[in-house]
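Welcome to this short tour of aromatic rings. Open your viewer, get ready to select residues, and follow along stop by stop.

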Amino acid sequence: MSSSQLLKGILEGCLLAIIAERETYGYEMVEKLASYGFTMVSEGSIYPLLLRMKKEGLVSTTSKVLPSGGPKRKYYQLTAEGQEELDEFKERWAAVSSSVDNILRRNQS
């Protein structure tokens, strides 16, 4: 598995977690990811994931007009299926991160 494939899987789980907090739009997600240290993630890298997540029924979208009169902005909301996927991601992540932490701690000696 390449590092980009690994990052894509982790990124999807992180996007679901961000969307679960409240409905949000693409650039806002990029800013939120950057605030948690994902500075290498751009809007261009999340939109294909968001499109796939929408096709899979994990998120839904609503277009809203901006008060400033700019173009409509697409907001993403988590669906029930998306919440299930997020819960499963959390379980998988806890197991994987715990295993990796155990290996790395043993290797510190």
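Start by selecting Phe 89. With 14% relative accessibility, Phe 89 counts as buried, because buried means under 20%. Keep in mind as you look around that this is a predicted model.

At 41% relative accessibility, Trp 93 counts as partly exposed. Show both side chains: Phe 89 and Trp 93 form a stacked aromatic pair, with 6.3 Å from centre to centre and 15° between the planes. Both residues lie in helix H4 (residues 80-106), and they are separated by about one helical turn because they are 4 residues apart.

How many aromatic pairs does the structure hold? There are 2, so let us visit the other.

Select Tyr 25 and Tyr 75. These two form an edge-to-face pair, 5.4 Å centre to centre with 75° between the planes. Colour the strands next: Tyr 25 is in strand E1 (residues 24-25) and Tyr 75 is in strand E3 (residues 73-78). This pair links distant parts of the chain, as its members are 50 residues apart.

The charged end of Arg 73 sits over the ring of Tyr 25, 3.9 Å from its centre. Over the ring of Tyr 75 you will find the charged end of Lys 64, 4.9 Å from the ring's centre.

Notes:
Residues are numbered from 1 along each chain as its sequence is written. This is a predicted model: local features need pLDDT of at least 70, side-chain atom pairs count only at pLDDT 80 or more; totals for chains, interfaces and linings use all residues. Side-chain values use heavy atoms; hydrogens and water are left out. Rings of Phe, Tyr and Trp (its six-membered ring) pair if their centres lie within 6.5 Å; planes under 30 degrees apart count as stacked, over 60 as edge-to-face and the rest as tilted. Helices (H or I, at least four residues) and strands (E, at least two) are DSSP runs, numbered from the N terminus. Buried means under 20% relative accessible area, exposed over 50%, partly exposed in between (1.4 Å probe, protein chains only). A charge sits over a ring if NZ of Lys or CZ of Arg is within 6 Å of the ring centre and within 35 degrees of the ring normal.
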